[in-house]
Amino acid sequence: MFTLTFTDPACRDVRETGGKAKSLADMTANELPVAPGFAVTAEAYRHFLAATGLGETIGRLLADPLDPHDLAALERTGNALMEAVRQTAIPQDLAEAVRAAYAELCTTTGLDDVSVAVRSSATSEDSAGASFAGEFETWVDIRGAEDVLAHLLKCYESVFAPRVLGYAIEQELDPRTIEMAVVVQKVVRARAAGVMFTLSPTSGDRSKIVLEASWGLGLAVVGGEVTPDRFLVDKIGLEIADRTPGDKRIEYRTGAAPTPVEESRHRTLCLDDAEVTALAKLGKRLERIHGSAQDIEFAVDEELPEGSNLVLLQCRPETVWSGAERKPAFDASAGMMSWITGSISGGAAAAAGHTHDLAHKHSASRAR
């Protein structure tokens, strides 16, 4: 199949639809709030490479091993590969399948030329050991089947962007093994949006849920263009332990250029307590479903009524702390007082440095 809706059980096969589409299909199956859409499968990508002969060109350009630290070689090879994809027409049968899926989405939503987001969903991305978060592009407010097809090709191009090649090689992945599925999803008209971690991304504390959000679409948050509002929630009782206003001077109302935020909203919290608590509850549910800490993207849809306006956009395993070794809170072989004094004197300084490093890793992952 070249396309699968989120409601199709086959869309939950990560090998064919990638991490983004699988997470959306999983959430749909679990009756979580997700905007409707469909995935263009890895089978479609393989067909694109085989039917056009592009696979042979890619094999030839990647025949010689690349050094992830040789930026000039990565740039040269990546640009050549991207140009080869750009100049290749999508096969007619694949194009017709995408047009039909887009027409069905228009019918489902009751909207002519429904505005969609087109997002990569590479089948090797977002495992617990490596995350391509931020490496591939997302486009929003795409209208019409032909524009969807044009951006499908852009997603295929992005497999070979120099930074993606470098990251793949660093992770000991052969770029030729990356298969690109693509998510096409109705755009959420976001009053506010952001990210949620079902642990503290700075300390790894699994008893906390952390949300970061800003006005408009989440592009300004994941792109590091604003200082988002930050909310800390106790996971057990869902009590909000801390609210830290950010500095939110721009917002994306559409996928085009950002617009200025009026001064009165710069430091006004963009989520109210009820929304924060409801989102944290959804985060706990997703963590139970997947059995591990999660990194979740969400939005508050201004077109939907209060109480049903929270929409989940993506869910992936948290990758910074998931592989970190956790020492026991108390070493039974040491004396109680030795453990207490050691925690106070040495632990604080070490934790401060570790916290800074982990915060940097998370922000760098999203800003790439």
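Which residue in strand 9 is the bridge partner of Phe 231? To follow the answer, some ground rules come first. The model is predicted, so local features need pLDDT of at least 70 and side-chain atom pairs count only at pLDDT 80 or more, while totals for chains, interfaces and linings use all residues. Residues are numbered from 1 along each chain as its sequence is written, and side-chain values use heavy atoms, with hydrogens and water left out.

The score called pLDDT is the predictor's confidence in each residue, from 0 to 100. For the protein chain it averages 85, and 84% of the residues score at least 70.

Helices (H or I, at least four residues) and strands (E, at least two) are DSSP runs, numbered from the N terminus. Two strands pair if DSSP finds at least two bridges between them.

Now to the opening question. The bridge partner of Phe 231 in strand 9 is Arg 243. Strand 8 and strand 9 (residues 240–244) pair in the antiparallel sense over four bridges. Their hairpin has five residues between the strands, and among these Leu 238 takes a positive phi near 60 degrees. Strand 8 (residues 229–234) also pairs with strand 7 (residues 208–215), again in the antiparallel sense, over six bridges. In that pairing Phe 231 stands opposite Leu 211.

These strands belong to an open sheet of six strands, in the order 9-8-7-6-12-13, with antiparallel pairing. Strand 9 and strand 13 (310–317) are the edge strands, each pairing on one side only. Ignoring direction, neighbouring strands of this sheet are turned by 15 degrees against each other on average.

A second open sheet has five strands in the order 1-2-5-3-4, and its pairing is antiparallel. Its edge strands are strand 1 (3–5) and strand 4 (138–142). The twist averages 25 degrees from one strand to the next. Within the sheet, strand 3 (residues 116–122) and strand 5 (residues 180–186) pair in the antiparallel sense over seven bridges, and Ala 117 stands opposite Gln 185.

Two helices lie against this five-stranded sheet. Helix 5 lies across strand 1, strand 2 (37–40), strand 3 and strand 5, running at about 170 degrees to strand 2. Helix 6 touches strand 2, strand 3, strand 4 and strand 5, and its direction makes about 140 degrees with that of strand 5. Such angles run from 0 to 180 degrees between N-to-C directions, and axes are lines fitted to C-alpha atoms, for helices over the stretch in contact.

The two helices also pack on each other. Helix 5 (residues 92–109) and helix 6 (residues 145–158) meet at an angle of about 120 degrees, with their axes 10 Å apart. That angle makes helix 5 oblique to helix 6, because angles under 35 degrees count as roughly parallel, over 145 as roughly antiparallel, 65 to 115 as roughly perpendicular and the rest as oblique. The residues in contact include Leu 94 and Tyr 102 in helix 5, and Leu 149 and Tyr 156 in helix 6.

Terms used
Contact means heavy atoms within 4.5 Å.
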